[in-house]
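Try each task yourself first, then follow the solution step by step.

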Amino acid sequence: MKKIAIILFVIIFSACTPIFSDSFKLNNFEPYTVEEFPEWSIKARRAESIFFGSLALTMPVSLLSYTVVGKTGIISTSNDDMTNLMYQVSFAAALSLGITLTDYILGELE
């Protein structure tokens, strides 16, 4: 019986959400303009987007490269999985930071 009540609640809540959202329309909505934000905040937002966007690419690269380097014996890996994960995430973050700094430097040179 609890399962049916929860399913009915979710269905009713999902059906009513669009109805209630129409009553909160903003009549005087104006989109942001470029002049509303300082230049440094635009650059910080771009750097944040590039850092976290590239993290999705650098994470698998760091996981794979750390595993390959550990298996070949170039470096000694730890027996603790959390320590290995910390090294892999740190390497991925360093790569993403390098990509972000490269983008910033190239943007400043133009």
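**Exercise 1.** Is Tyr32 buried or exposed?

*Solution.* Keep in mind that this is a predicted model. The relative accessible area of Tyr32 is 66%. Exposed means over 50%, so Tyr32 is exposed.

**Exercise 2.** Classify the aromatic pair that Tyr32 and Phe37 form.

*Solution.* A pair of aromatic rings is described by the distance of the centres and the angle of the planes. Start with the total: the structure has four aromatic pairs. In the pair of Tyr32 and Phe37, the centres are 5.3 Å apart and the planes make an angle of 65°. Planes over 60 degrees apart count as edge-to-face, so this is how the pair of Tyr32 and Phe37 is classed. Phe37 itself is partly exposed, at 40% relative accessible area. For practice, take Phe51 and Phe52: their ring centres lie 5.1 Å apart with the planes at 85°, so this pair is edge-to-face.

**Exercise 3.** Describe the surroundings of Asn84.

*Solution.* First locate the residue: Asn84 is part of helix α3, which covers residues 81-109. Next, check its accessibility: the value for Asn84 is 12%. Buried means under 20%, so Asn84 counts as buried. Finally, look for partners beyond four places in sequence: Asn84 touches Tyr66, Thr77 and Ser78.

**Exercise 4.** Which residues form a nonpolar patch on the surface?

*Solution.* The members are Leu97, Leu101, Tyr104, Ile105, Leu106 and Leu109, and together they have about 630 Å² of accessible area. Pick out Leu101, which sits in helix α3. With a relative accessible area of 45%, Leu101 is partly exposed.

**Exercise 5.** How many salt bridges does the whole structure have?

*Solution.* The search gives three. Take them in turn.

- Glu108 pairs with Lys43, with the closest N and O atoms 2.7 Å apart. This bridge links distant parts of the chain, as Glu108 is in helix α3 and Lys43 is in helix α2 (residues 39-72), 65 residues apart. Both ends are partly exposed: Glu108 at 40% and Lys43 at 33%.
- Arg45 and Glu48 meet at 3.2 Å, N to O. They are three residues apart in helix α2, so about one helical turn separates them.
- Arg46 and Asp103 meet at 3.0 Å, N to O. Here too distant parts of the chain are linked: Arg46 belongs to helix α2 and Asp103 to helix α3, 57 residues apart. Asp103 is partly exposed, with 23% relative accessibility.

Methods:
Residues numbered from 1 in each chain as written. Predicted model: local features only at pLDDT ≥ 70, side-chain atom pairs only at ≥ 80, totals over all residues. Heavy atoms only, no water. Phe/Tyr/Trp six-rings, centres within 6.5 Å; stacked < 30°, edge-to-face > 60°. Buried < 20%, exposed > 50% of the residue type's maximum accessible area, 1.4 Å probe, protein only. Helix = DSSP H or I, 4+ residues; strand = E, 2+ residues; numbered from the N terminus. Contact = heavy atoms within 4.5 Å. Patch = residues over 30% accessible without salt bridge, like charges linked within 9 Å, V, L, I, M, F, W, Y side chains within 5 Å. Areas by Shrake-Rupley, 256 points an atom, 1.4 Å probe, with all protein chains shown as cover. Salt bridge = Lys/Arg side-chain N within 4 Å of Asp/Glu carboxyl O.
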